[in-house]
Amino acid sequence: MSLLTAQGLQKSFRGLRAVHEASFELPEGTINALIGPNGAGKTTIFNMIAGVYPPDAGKIHFAGRRIEGLRPDQVCAAGIGRTFQIVKPFAGLSVLDNVVVGALQRSPTVAHARAHARHVVERLGLGAKRDLLASSLTLPDRKRLEVARALATRPRLLLLDEVMAGLRPTECDQLIDVFRDMNRQDGLSILLIEHVMRAVMALAQTIVVLHHGEVIARGAPAEVVRNPTVLECYLGEETEV
Amino acid sequence: MNFALHRRATVLLAVLAAALVALPWVADNYLISVATLILFLAYTGQAWNVMMGFAGQLSLGHSLYVGVGAYVAGGLFFHFGLGPWAGLWIAILVCMLLGAAIGFLAFRFGISGVYFALLTIAFAEFTRIGFDHIPWTGGPGGLFLKVAQRDQVDLLHFRGPPAMYYYSMLVLAAGALALCAAMLRSRAGYYWQAIREDEEAAQALGINTFRWKMLAVIVSSAMTAVSGVFFAFYYNNLFPEQIFHISRSIEIILGPIIGGVGTLFGPILGAALLTVLSDGITELLAAFGWEIPGIKQVFYGVVLLGVVMFLPNGIWPPIARRLGIGR
C-alpha cells in the first residue's frame, strides 16, 4: 500500500517553473531517494509535502488523507518528520532539550517526552553530548541532532534533506546503519534527497530522478543508474557506484 | 541539573528569601521604598521576559499593560468605589484581551522582529495620546486616588504602611519567579524556547507557533496588568504622560536585559543592580550638594553599554556558572 502519493504536483516561483507535473508514490515501509541536479526541484517537492508552501496544482495523499496546503505543524502531526538542508538547531538549548521539543509532539507529559528523547539521542550516538548546548556541536553532530529531533516526533515518514552532505564516509556509513535499522525494526518509511550516491545506493529501494522539475526516471537503483537519460542529465557517463 | 547543584541553588534561594522577609525589621521607610521599587521592576521584568526571553517576541511597549492595568483598577475604584481586589481581575482581563488583540494582529499577518516591536510601541503610544483625551481617565490632569495611608494594615482596601506594599510586591515577585520556573519546565516553556531559537524548525516539529506565541503574549500581559494595579494603589496618582511613556517600557526591559534575557534570575538581579546603583549615585551626588538632572538616564546608558559590550548575555549567566547553579 502506498503511504504517500503525489499526483501532478506543480509549483512556480514568479514565472520560474520549479516543479512540473511531478507524480510518484512511496510504498509504506520503504526507503526512497529523490535525486537530480541542483535546481531540479527536489527541495521544492519536499517543501510542498512538508507544508512550507502549497502546490499550485496537484494532490498529495498521505496515509489516506489529503495533506497539500496544510501547515507544517499539521503535516508533522499527520506523521511526517523532516530535516532541513541547512541545519536549524535550537542553538541556545541543550542537545537533549532540542530533541525533547520534538518528542513532546506525541507525548502526554514532559517527563514522558524526556524519556523518549533520551532514547532517541542514544540511538543517534549523541548520548555523551546530550547536556551540551546545540551551538557547541560540530556539523556532523548537528546533522545527527537534526535527524534525532525529527525522529522524536515519531513520524511514519521521514523526509531527509541532504543529511549526508559534509559527512566523512565513516560518519555517512554510521547514519546509513541507523536509517536501515529504523526502517527494518520500526517500519519507518524514508524519503531522502541526496547527492551522496554512496548513501543513495546503500539505502534506497526506489529512486525518483528529477530534472527541470519533471520526473525523468523512476525505479530500482540498479536500473536508474543505467538509464541513459539519467546518465546524461545527472550522473554523467563515467559514474561508477 | 544534578542533585548537588540543585541543593546549592535551594540553599542560596532560601538565604535570599530569609533576608528579604527580614528586611522591613532592619530597614527604614526609605530603604523599604527602594526595595519595593526593585521588586516591582523585578516582577514586571519577569513578566516581559516571558514574551521576549522565553518566546522571543520583543515588546517595547509593555508600559501599555502597566498603564491600562493601573487605569482600569484605579478608575473603577475612583468612579465606582470598586475595591482593588475586584478591579484586579477586571484589569487582568482587559490587558489579556488587549495583548490577544495585538498578538493576533501581528502573528496572523506575519509581523515579526523589529516590526512587531514597532507595533507594540505604536499601541502604547496611541493609548497614551488617547488617554489624554478621555474624561473618564482624568486626561492629562491625572487621576488621583484617595490616599488614606494608615498605620494599620488594611489588605481589603490595599492600604497600609510601606512594609505592607513591600511584602505584597515580595509575594508577587516570588510568585512570578515560581510561575516562570514552572512554565519553563512545562510544554509551553519548551515550545516557547523552540520558537525563540528557530520558528521554522519549531513549526516543522509540530508546534502551532501562532497559538503558543499568543499564549506568551497573553500570559505576559496578564502578569504585567498586576504591576499596573499595584502601581495605581501604591502611588495613587496616574498620568498618561508618565505611565504609558516609552521611557517606562525601557525601564521595564533594562533589568532583564542587563541581568540576562531568558534567565529566571536575570530580571531580579538586573532590577536590583540598576535601582541600587542609580539611587546610590543620586544619593551620593546629593550628599556632595550636587543635583544633576538626567544623571539616572546617563547612568542607565553607561551600564547598558558596558553590559552589551562585555556581557552580551547579561550578568546572571556568568554568576550562575561561578556559583555552580543553573539558569
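What covers the buried residues of α3(A)? The cover includes α4 (110-123) and α5 (139-152) of chain A together with α7 of chain B. This is a predicted model, in which local features need pLDDT of at least 70, side-chain atom pairs count only at pLDDT 80 or more, and totals for chains, interfaces and linings use all residues. Residues are numbered from 1 along each chain as its sequence is written, while chains are lettered from A and ligands numbered from 1 in the order in which they are written.

**View 1. Helix α3 of chain A and its cover.** Helix α3 (residues 95-103) of chain A is mostly covered, with nine of its nine residues buried. Helices here are DSSP runs of H or I with at least four residues, strands are runs of E with at least two, and both are numbered from the N terminus. A residue is buried if 20 or more other C-beta atoms lie within 10 Å of its own, exposed if 12 or fewer, and partly exposed in between, with C-beta atoms placed from the backbone. Among the buried residues of α3(A) are A:Val95, A:Leu96, A:Asp97 and A:Val99. Leaving aside neighbours within four places in sequence, A:Val99 is in contact with A:Ala117, A:Val120, A:Val121, A:Ala148, A:Arg149 and A:Ala152. Contact means that the C-beta atoms of two residues, placed from the backbone, lie within 7 Å.

**View 2. The largest nonpolar core.** A nonpolar core is a set of buried Ala, Val, Leu, Ile, Met, Phe, Trp, Tyr and Cys residues joined through C-beta atoms within 7 Å. The largest one has 169 residues, of which A:Val99, A:Ala148, A:Val209, B:Met169 and B:Val229 touch the most other members. Helix α9 (residues 209-235) of chain B gives the largest share of this core, 14 residues. The core lies between domain 1 (1-79 + 157-172 + 187-241) and domain 2 (89-154) of chain A, because both give residues to it. In soluble globular proteins, nonpolar side chains tend to be buried together.

**View 3. The two domains of chain A.** Chain A is divided into domain 1 and domain 2, with bounds that come from an automatic or database domain assignment. The C-alpha centres of these two domains of chain A lie 25 Å apart. Their contact takes six residues from domain 1 of chain A and nine residues from domain 2 of chain A.

**View 4. Where chain B touches chain A.** This contact takes 17 residues from chain B and 21 residues from chain A. On the side of chain B that touches chain A, the elements that give two or more residues are α7 (187-197) and α8 (199-204) of chain B. The largest share of that side, six residues, comes from α7(B).

View 5. Helix α2 (residues 29-54) of chain B packs with α9(B) at an angle of about 165°, and their axes are 8 Å apart. Axes are lines fitted to C-alpha atoms, for helices over the stretch in contact, and angles run from 0 to 180 degrees between N-to-C directions. α2(B) and α9(B) are therefore roughly antiparallel to each other; the term covers angles over 145 degrees, while those under 35 count as roughly parallel, 65 to 115 as roughly perpendicular and the rest as oblique. Residues making the contact include B:Phe40, B:Tyr43 and B:Trp48 of α2(B) and B:Ala216, B:Met223 and B:Phe230 of α9(B). Helix α6 (residues 162-184) of chain B packs with α9(B) at an angle of about 175°, with axes 12 Å apart. This pair, α6(B) and α9(B), is therefore also roughly antiparallel. Here B:Tyr165, B:Ser168, B:Met169, B:Leu172 and B:Ala176 in α6(B) meet B:Met223, B:Val226, B:Phe230 and B:Tyr234 in α9(B).

**View 6. Two loop residues of chain A with positive phi.** Most residues other than glycine have a negative phi. Phi of A:Glu162 is near 50°, a positive value, and A:Glu162 is placed in the loop between β7 (157-161) and α6 (169-186) of chain A. A:Glu162 is buried, with 20 other C-beta atoms within 10 Å. Phi of A:His212 is also near 50°, in the loop between β9 (206-211) and β10 (214-219) of chain A. A:His212 counts as partly exposed, with 15 C-beta neighbours inside 10 Å.
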